[in-house]
Amino acid sequence: MAEPLIKWGAHTPHVIEFQPLECKTFKTFDPRTGEVIARVAEGDKEDINLAVKIARQAFDHGKWPRMPESERGRIMLKFADLIDENVEELAKLDSLDARRLLTSGMYIEIPYCTRMLRYNAGFADKIHGETLKMSREFHAYTLKEPVGVVGLVIPWNFPSTMFFSKVSPALAAGCTIIVKPAEQTPLSALFIAQLAKTARIPDGVLNVVTGFGPTAGAALCSHMDVDKVSNTISLELGGKSPFIVFDDADADKAVDLAHMAIFYNKVDKNQFEKILRYIDDGKEDEATLLTGGKACGEKGYYIEPTIFTNVKISARGYKTRITIVLAQEDMRIAKDEIFRPTVEEAIEKANNTRYGLAVGIVTKDIDVASRVSRSVRAGTVWINCYFAFDSDAPFGGVKMSGFGKDGGLQGLEKYQKTKTVVTPIYNSPWL
């Protein structure tokens with residue numbers, strides 16, 4: 001196992017071209033207690049400019065896009081081995097910084113990261129174009145080439161998982177990368193970058209710049225020398241995922257899945273305060289507060305599990321961490337779990353949101369499951385399960401939940417561009 005990168009109260013710099021760079025810092029907090037874990041480099045436009053310059057140099061003149069694809073895959077497999085060797089350290093960082101469960105990190109989330117790396121490493125030497133059948137006397141074919149320098153903005157809720165869901169296909173495609181992790185959860189990304197150097201990924205290929213969205217994030221997303229930007233999915237703007245429980249469902253399973261679907265992640269101070277404001281909104285809109293609704297504990301950012309009934313639904317689709325049942329029309333906190341008198345109404349209310357990230361369905365009736373899964377407008381439908389992710393399963397939303405997919409071949413293809421090559425043929429016996 002590598003030496004721990006993060007020590008309590010330490011100062012952690014950027015990792016650009018695998019070199020730690022000093023600059024001004026900001027604090028990252030333990031959401032359980034509100035205490036400072038470490039001071040992290042606060043990147044700005046100047047730091048992003050440097051990272052993009054180095055990534056561009058590595059792409060235009062470096063060996064990563066030009067090495068044999070089998071060698072690129074071999075290095076990625078070595079990278080995955082190093083993640084396996086440091087699974088406890090990574091799980092501890094995500095537990096400390098993002099309040100992920102340590103056991104979940106060690107036995108589910110970090111092993112899932114290595115599966116994504118190995119899955120995409122297997123594609124590295126299988127990327128190819130195709131020969132085209134032209135209608136005239138031309139020979140034509142396509143080439144699949146890396147898209148170039150990519151900027152990856154990682155969300156706070158699944159720091160390591162989202163890091164590898166984007167970095168893995170980008171590396172396999174031959175791209176060079178600048179990662180801007182969420183300011184709430186920057187620690188694991190910095191540690192991963194150090195492991196990438198140990199795996200002998202060339203300098204300048206994988207760079208991490210920590211900082212805030214309006215400064216570092218905006219500079220990365222607007223940089224004219226970045227060829228592609230991916231935010232959560234290709235572009236994911238949130239989700240308010242309906243969870244539909246039919247009257248034939250296993251009640252215990254439905255409760256367990258609903259609990260996992262809504263009460264799954266930590267929050268920081270800003271999110272904590274926002275959720276409490278939404279709870280106040282629900283009370284003001286005369287929804288019935290069935291249980292919860294208050295902060296709990298003297299330290300950290302904890303809120304009681306909160307359930308509203310008699311909630312009105314509109315198409316505004318606000319995003320909260322509150323469970324809603326017995327919905328009607330037009331209240332601000334709506335758009336989650338919906339108990340319905342008919343299948344048609346369940347479908348209508350599930351689609352009555354600007355978002356379309358995912359839908360959960362709990363039923364024993366295969367006909368109902370099939371009908372609803374084909375009728376709801378969402379990127380993913382989970383039937384009698386939830387958060388059922390896999391390396392081979394594309395994940396991403398529709399409508400205001402964004403566009404593009406992570407995972408599977410679609411996740412790899414978005415880091416590639418297609419070039420068509422055409423040349424005349426003369427006196428050929430066939431076209």
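User: Before we start, what counts as a contact here?
Analyst: Contact means heavy atoms within 4.5 Å. This is a predicted model, where local features need pLDDT of at least 70, side-chain atom pairs count only at pLDDT 80 or more, and totals for chains, interfaces and linings use all residues. Residues are numbered from 1 along each chain as its sequence is written, and side-chain values use heavy atoms, with hydrogens and water left out.

User: OK, which residues of helix 2 and helix 6 meet?
Analyst: Phe 79, Leu 82 and Ile 83 of helix 2 touch Ile 192, Leu 195, Ala 196 and Thr 198 of helix 6. Helices here are DSSP runs of H or I with at least four residues, strands are runs of E with at least two, and both are numbered from the N terminus.

User: And how do the axes of those two helices cross?
Analyst: The axes of helix 2 (residues 69-85) and helix 6 (residues 187-198) come within 9 Å and cross at roughly 130 degrees. Axes are lines fitted to C-alpha atoms, for helices over the stretch in contact, with angles from 0 to 180 degrees between N-to-C directions.

User: Switching topic: what order do the strands of the open sheet take?
Analyst: The order is 6-7-25, with antiparallel pairing. Strands pair if DSSP finds at least two bridges between them.

User: How many helices and strands does the chain have?
Analyst: The chain has 12 helices and 25 strands.

User: How much of the chain is buried?
Analyst: 52% of the 431 residues count as buried, meaning under 20% relative accessible area (1.4 Å probe, protein chains only).

Definitions and conventions. Buried means under 20% relative accessible area, exposed over 50%, partly exposed in between (1.4 Å probe, protein chains only).
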